[in-house]
Amino acid sequence: MFGPFRATSPLSGGLLWKIPFRLSAPQKARQRKRLRAVDTVIAVVDTALRKQGSSLKEVERWKAEMPREEEMRPKDKYTVFDRKEKRYRKGIHKVPKWTRVSQRINPPGF
């Protein structure tokens, strides 16, 4: 701690890769684009199944439970519920694999 071999302030703690507090405007645009891409895939699969005269339980459940990108509030697009956070929300970019996992539903009231 003290002496000739003490740690410098950047090396003494913290993350090696710093995560910024807010999402940048391009990150937000890419997030909206990802949400819209998932919505179009669900729509295409649903129309193809309807043409064949069948349906999938998973697709119907997705359409019933998950809001579309244009129906979501900005708060829900860019943040997720986290019970450990001060105001129960954290930026979606702090969630592991946030570009690959759909985080559209949050508890009521949050």
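A pocket here is an open set of points on a 1 Å grid over the protein atoms alone, where a 1.4 Å probe fits, with protein on both sides within 12 Å along at least five of seven lines. Grid points are joined across faces, edges and corners, and a volume is the space filled by probe spheres set on the points. The model is predicted: local features need pLDDT of at least 70, side-chain atom pairs count only at pLDDT 80 or more, and totals for chains, interfaces and linings use all residues. Residues are numbered from 1 along each chain as its sequence is written, and side-chain values use heavy atoms, without hydrogens and water.

**Stop 1.** Select K75, R87, Y88, R89 and F110. They line the second largest pocket (lining: an atom within 4 Å of a point). Its space is about 150 Å³. Two of its lining residues are nonpolar, none polar and three charged.

**Stop 2.** Go to the largest pocket, about 350 Å³. Of its 14 lining residues, F21, R22, T79, K90 and G91 are closest to the centre. Colour helix 3 (74–78) and strand 2 (89–91); each gives the lining at least two residues. The lining holds seven charged, four nonpolar and three polar residues.

**Stop 3.** Select D46, in helix 1 (residues 25–52). D46 is buried, at 6% relative accessible area (buried: under 20%, 1.4 Å probe, protein chains only).

**Stop 4.** Keep D46 and K63. C-alpha to C-alpha, D46 and K63 are 9.3 Å apart, and 17 residues apart in sequence.

Definitions and conventions. Helix = DSSP H or I, 4+ residues; strand = E, 2+ residues; numbered from the N terminus. Nonpolar A, V, L, I, M, F, W, Y, C, P; charged D, E, K, R; others polar. Buried < 20%, exposed > 50% of the residue type's maximum accessible area, 1.4 Å probe, protein only.
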